[in-house]
Amino acid sequence: MIEPLSYSRLRDPAHLRAAYLESATPEAARLFLHGHIEHHRDQLDQLDQWQTELRAIDSLTNPMLVRRLAATDPADHHKTIVFKRFTYERLIAQAENEIAWAHKGLRILDELELEA
């Protein structure tokens with residue numbers, strides 16, 4: 001049985017920096033957010049690789065999955081496949097979410113400049 005994961009407090013540098021954007025110039029804040037978008041777009045450039053992995057999982061040609069299934073009770077094969085796919089889907093969703101978050105920050109900057 002897998003024990004519950006002990007999570008530590010999130011200390012992501014990008015999100016910590018965002019908590020203090022009010023003290024940055026609008027230009028510096030935009031530069032930071034555009035850099036965040038660029039970093040995560042680079043991550044999504046791996047989307048082709050991740051999509052290839054998903055297709056290999058679906059077609060049962062992913063070598064790691066094939067080895068895992070060989071050592072797994074056939075009754076558990078579907079569950080193994082679903083969770084393997086679930087893992088790769090997270091990588092895609094996480095990068096997309098970070099890009100959306102940074103775009104929201106850019107919209108906030110635009111709104112604040114209009115209010116000033």
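Q: In this predicted model, how large is the largest pocket, and what makes it a pocket rather than a cavity?
A: The largest pocket has a volume of about 260 Å³. A cavity is a set of points where the probe fits but cannot get out, whereas a pocket is an open set, so the word "pocket" refers to open space.

Q: Which residues and elements line the largest pocket?
A: The lining comprises 14 residues, and those closest to the centre are Leu21, Gly105, Ile108, Leu109 and Leu112. H2 and helix H5 (77-115) are the elements that give two or more residues, and H5 gives the most, with 7 residues. By class, the lining of the largest pocket divides into 9 nonpolar, 2 polar and 3 charged residues.

Q: Why is H3 called roughly antiparallel to H5?
A: The axes of H3 and H5 cross at roughly 170 degrees and come within 10 Å. Angles over 145 degrees count as roughly antiparallel, and therefore H3 is described as roughly antiparallel to H5. On the H3 side the contact includes Leu47, Trp50 and Leu54, and on the H5 side it includes Ile81, Tyr88 and Ile92. The residues of this contact of H3 with H5 divide into 8 nonpolar, 1 polar and 5 charged.

Q: What makes the contact between H2 and H3?
A: Helix H2 (residues 26-45) and helix H3 (residues 47-58) pack at about 35 degrees, with axes 5 Å apart. Gln43, Leu44 and Asp45 of H2 meet Leu47, Asp48 and Trp50 of H3, a contact of 3 nonpolar, 1 polar and 2 charged residues.

Note on methods
Residues are numbered from 1 along each chain as its sequence is written. This is a predicted model: local features need pLDDT of at least 70, side-chain atom pairs count only at pLDDT 80 or more; totals for chains, interfaces and linings use all residues. Side-chain values use heavy atoms; hydrogens and water are left out. Axes are lines fitted to C-alpha atoms, for helices over the stretch in contact, and angles run from 0 to 180 degrees between N-to-C directions. Helices (H or I, at least four residues) and strands (E, at least two) are DSSP runs, numbered from the N terminus. Contact means heavy atoms within 4.5 Å. Ala, Val, Leu, Ile, Met, Phe, Trp, Tyr, Cys and Pro count as nonpolar, Asp, Glu, Lys and Arg as charged, and the others, Gly among them, as polar. On a 1 Å grid over the protein atoms alone, a cavity is a set of points where a 1.4 Å probe fits but cannot get out, and a pocket is an open set with protein on both sides within 12 Å along at least five of seven lines; lining residues have an atom within 4 Å of a point. Grid points are joined across faces, edges and corners, and a volume is the space filled by probe spheres set on the points. Angles under 35 degrees count as roughly parallel, over 145 as roughly antiparallel, 65 to 115 as roughly perpendicular and the rest as oblique.
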